[in-house]
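Student: I am new to this structure. Please take me through one part of it slowly.

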Amino acid sequence: MKKIKFTETVLRDAQQSLIATRMPFETFEPILSTMDKAGYYSLECWGGATFDSCLRYLNEDPWERLRKIRKACPNTKLQMLLRGQNLLGYKHYPNDVVRRFVAKSVENGIDIIRIFDALNDVRNLEVAVDQTIKSGAHASGTICYTLSPVHNTKAYIKLAKDMESMGVQSICIKDMAGIISPKEAYELVTALKENVKLPIILHTHCTTGLGPMTLLKAAEAGVDVIDTAISSFSGGTSQPATETLNYILTQDGYKTGLDTGVLKEINDFFKPVKADALKSGLLNPVVLSTDTDALTYQVPGGMLSNLVAQLTAQKKMDKFEEVLEETPRVRKDLGYPPLVTPMSQMVGVQATSNVLAGERYKNVSKEIRAYVRGEYGKAPGKIDPALIKKVLGDEKPIKGRYADTLGDGYEAAKAEIGAKAHSEEDVLSYIAFPTQAEAFFDKRDERAKNTFKYTIEKID
Ligand code: CO
């Protein structure tokens, strides 16, 4: 019998794509034990923007969230998304920090780490992959899928083979923009199946409307795992619906291992959560519709909703089309980086700045400067020499692996945050998001003090 497995994304990518990762733990806590019985291959629930959002907006300790999910879901593999040497942030971290972060993620409950590099530069995956395997977890090597004159099947096969020799246990095709077509997915999965011996996973988004058809064709090519979201949090910039794909594939003779009754319970739970998000405005209906522009602009779901938020806040939504048109031009200048975090934000911010300033590259962010210098790794194509000159002047781009020039980082950060950090996890939160983590620690200490006072008063 043909087999296919499902990764459920509602707790990470689906809510990141639709509601900017603003779902507090308390909201989904009651459904976790049910989710544990659905028969998923894995539950994507951590990493990506969840960590930042917990500290910045939800006043939650991300590590505690992970431990609580682990406790409530003892039978399902927990999965996180990690940006290789960037961890969850926007810059490269020292190797010792990457090792500690990975080790602690596994220790706190993660089973599978999907590791990608925004530029598909394998040197940026090495340390995270090595530590994941050493910590006893599953390292999923990731291809950031994009279309450009320098990205083709041959290049993706080479990347997959390089990751296979690094020891990864599966290969994930990560199509963050929802642009991989059914035909392209069929061909790429077939080619990967012929050239590597590992399970192949496909991750896509519904942004352009291709999603469900693409997953079906990928299944026909023998893909082993697909990413889907429970239907109330599916579609638009999110993933195709879990129930729909389960329905289609079961009818086609695949064994999915999913329990439709449990899926219904999960969906019934999330329906009112979605309704509330629509009512409060947290969920903008724009991100729920099909937008074929992405086939031209290759703008991923998260980036699209960020651009809308950014321009709305500045009351410049009338410039939306212009910014969308500028985005691929900036990308070309930068040597065709895939539009995935942090590159998607960097390209998006630069395109916005180019449009709003009325002059291209009048302002260049320090991140773009670092990219042009080579601090993010090697660009897939050639960076425009005129842009290099404009940004760096006489300075030369660096050679080699940037993180190797950083030395160690953990002990210095630990000394810096001092007693406010109560654990190694806290220090890692501080390294990842210093300002947000410190503000969170202060609030946490304040809360603890108040609880203590209250207890004393009660005793009196
Ligand atoms: Co995604």
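Student: Leaving aside its neighbours within four places in sequence, which residues is threonine 21 in contact with?

Tutor: This is a predicted model. Beyond its neighbours within four places in sequence, threonine 21 is in contact with Gln15, Gln16, Ala49, Thr50, Ser53 and Leu58. Start with where threonine 21 sits. Its place is the loop between α1 (10–19) and α2 (25–28). Threonine 21 is buried, because its relative accessible area is 3% and buried means under 20%. Leucine 245 lies 224 residues away from threonine 21 along the chain. The C-alpha atoms of these two are separated by 24 Å.

Now set that beside another residue. Serine 353 is found in helix α16. The relative accessible area of serine 353 is 18%, so serine 353 also counts as buried, the cut-off being under 20%. Not counting residues up to four places away in sequence, serine 353 touches Gly358 and Asn363.

Helix α16 leads on to a pocket. α16 (343–356) supplies at least two residues of the lining of the second largest pocket. So do α17 (366–373), α19 (410–417), α20 (424–432) and α21 (434–459), each with at least two. The volume of this second largest pocket is about 720 Å³. Its lining has 30 residues. Closest to the pocket centre are Tyr90, Lys91, Lys366, Glu367 and Tyr376. By type, the lining divides into 17 nonpolar, seven polar and six charged residues.

Step back to the whole protein. The secondary structure comes to 21 helices and 10 strands. The radius of gyration is 22 Å, close to the 23 Å that the globule rule gives for 460 residues, so the protein is as compact as a globular protein of that length. Along the principal axes, the C-alpha atoms fill a box of roughly 75 × 55 × 50 Å.

Return to burial, now for the protein as a whole. Of the 460 residues, 56% are buried; threonine 21 and serine 353 are among them. The accessible surface of the protein comes to about 19000 Å². Carbon and sulfur atoms account for 53% of that surface.

Contacts can be viewed the same way.

How values were computed:
Residues are numbered from 1 along each chain as its sequence is written. This is a predicted model: local features need pLDDT of at least 70, side-chain atom pairs count only at pLDDT 80 or more; totals for chains, interfaces and linings use all residues. Side-chain values use heavy atoms; hydrogens and water are left out. On a 1 Å grid over the protein atoms alone, a cavity is a set of points where a 1.4 Å probe fits but cannot get out, and a pocket is an open set with protein on both sides within 12 Å along at least five of seven lines; lining residues have an atom within 4 Å of a point. Grid points are joined across faces, edges and corners, and a volume is the space filled by probe spheres set on the points. Helices (H or I, at least four residues) and strands (E, at least two) are DSSP runs, numbered from the N terminus. Ala, Val, Leu, Ile, Met, Phe, Trp, Tyr, Cys and Pro count as nonpolar, Asp, Glu, Lys and Arg as charged, and the others, Gly among them, as polar. The radius of gyration is taken over C-alpha atoms; the globule rule is 2.2 Å times the number of residues to the power 0.38. Buried means under 20% relative accessible area, exposed over 50%, partly exposed in between (1.4 Å probe, protein chains only). Accessible areas come from the Shrake-Rupley method with a 1.4 Å probe; for residues, only the protein chains shown count as cover. Contact means heavy atoms within 4.5 Å.
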